[in-house]
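Here is a short note to read alongside the structure. Keep the model open and follow the points in order.

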Amino acid sequence: MQPKEKVKNLPLLPGVYLMKNSEGKIIYVGKAKNLKNRVSTYFYQNKQHSKKVLRLVRSIADFEVVVVDTELDALLLECQLIQHYRPIYNRQMNYFDNYNYLDIQPDGLSLTNVPTARTYGPFRLYKKMPSILRIIEENYQMPWLSEISHLALQAQLPELKDWTFEQKKKEIQGLLQGRNKKLISYLKKRQLHFIEQLNFEKAAILQRDIELVTYFTRRVQEQKKFLRTPRITLSMPLASDESKMKHFLICYGQVADTAITEPGQAPHFYYEKDNTLSLKRQLSQAEIDPVQILISYQRKLVKAEQQIKKESGIQPIG
């Protein structure tokens, strides 16, 4: 059966679709809240298609789908399949082996793909990590910087001038573990230094550094908090029957168990009888994307709940 004909028989349910070329190779994996509506967009003229999507469409000889219970199931399965098949047309979640670990040594900060007991990460912002390392090195006036750089930075941040390497390392470790935001305060102090000198070009460069470090710090803190939480329950209606709910038990950032309940029924998780998951010091590169999916979905559910309360006139406590 031709792909266009197969689309007509797809369900109006969430799931994952796998596009294949004439050789049967999977070239793209996607997810959908509604499989029929989403997959049909590939096979009917759409002026909004990018050149990349048009190339993909011309290569599709067949496809298969996997129907799931909820949008979150689709997101997690999509990630798993992309990491397994590494399709040529997928970008997101396909390059997890580029997620860097950071190593702090007396002779330099380095990015590596090999985790050790001394490394931190991995960090998903692999394209931005060289810039983040530069910012850390500059603000902490690391010993391998040039003498001219040291003189300039000491004028901007004199309080760090006499710090030992171990003092600097301890504070950097705190940043990478989501325990402090001191780097942002140092950047703001340097920016004020240039503003007072009317050097607005330098101040603008530091503003970009502040925005990058703020985003990086927020992501690190959010992820660390999520990974340290022993129990989180995410609940949403079952797509095939919205009177029922599907519940995901998340322990230390991992899906430990799921349960489907009837209206008004509390979830019962078998996993709780044999709790084997524990806090991980360091994730593997492949584990970062699933964790970020869970964090994002938790944020989405919280926002939706807050919106419902706002619309119903219920004021938050505290």
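How many bridges join strand S8 to strand S9?

1. Seven bridges join S8 (residues 241-251) to S9 (residues 254-261), and the two strands run antiparallel. Strands here are DSSP runs of E, at least two residues, numbered from the N terminus; helices are runs of H or I, at least four residues. Two strands pair if DSSP finds at least two bridges between them. Isoleucine 250 stands opposite valine 255 in S9. The hairpin has two residues between the strands, and tyrosine 252 takes a positive phi near 50° there.

2. A note on the source. This is a predicted model, where local features need pLDDT of at least 70, side-chain atom pairs count only at pLDDT 80 or more, and totals for chains, interfaces and linings use all residues. Residues are numbered from 1 along each chain as its sequence is written, and side-chain values use heavy atoms, with hydrogens and water left out.

3. Now the open sheet. Its three strands have the order S2-S1-S3, with antiparallel pairing. Strands S2 (26-32) and S3 (62-67) are the edges: each pairs on one side only. Six bridges join S1 (residues 15-20) to S2. Lysine 20 stands opposite isoleucine 26 in S2.

4. Next, helix H8 (residues 182-196). Its buried residues (under 20% relative accessible area, 1.4 Å probe, protein chains only) include Leu183, Tyr186, Arg190 and Phe194. The buried residues of H8 pack against helices H5 (129-139), H6 (147-156), H7 (165-176) and H9 (200-227), with contact meaning heavy atoms within 4.5 Å. Just after H8, leucine 198 takes a positive phi of about 60°.

Terms used:
Buried means under 20% relative accessible area, exposed over 50%, partly exposed in between (1.4 Å probe, protein chains only).
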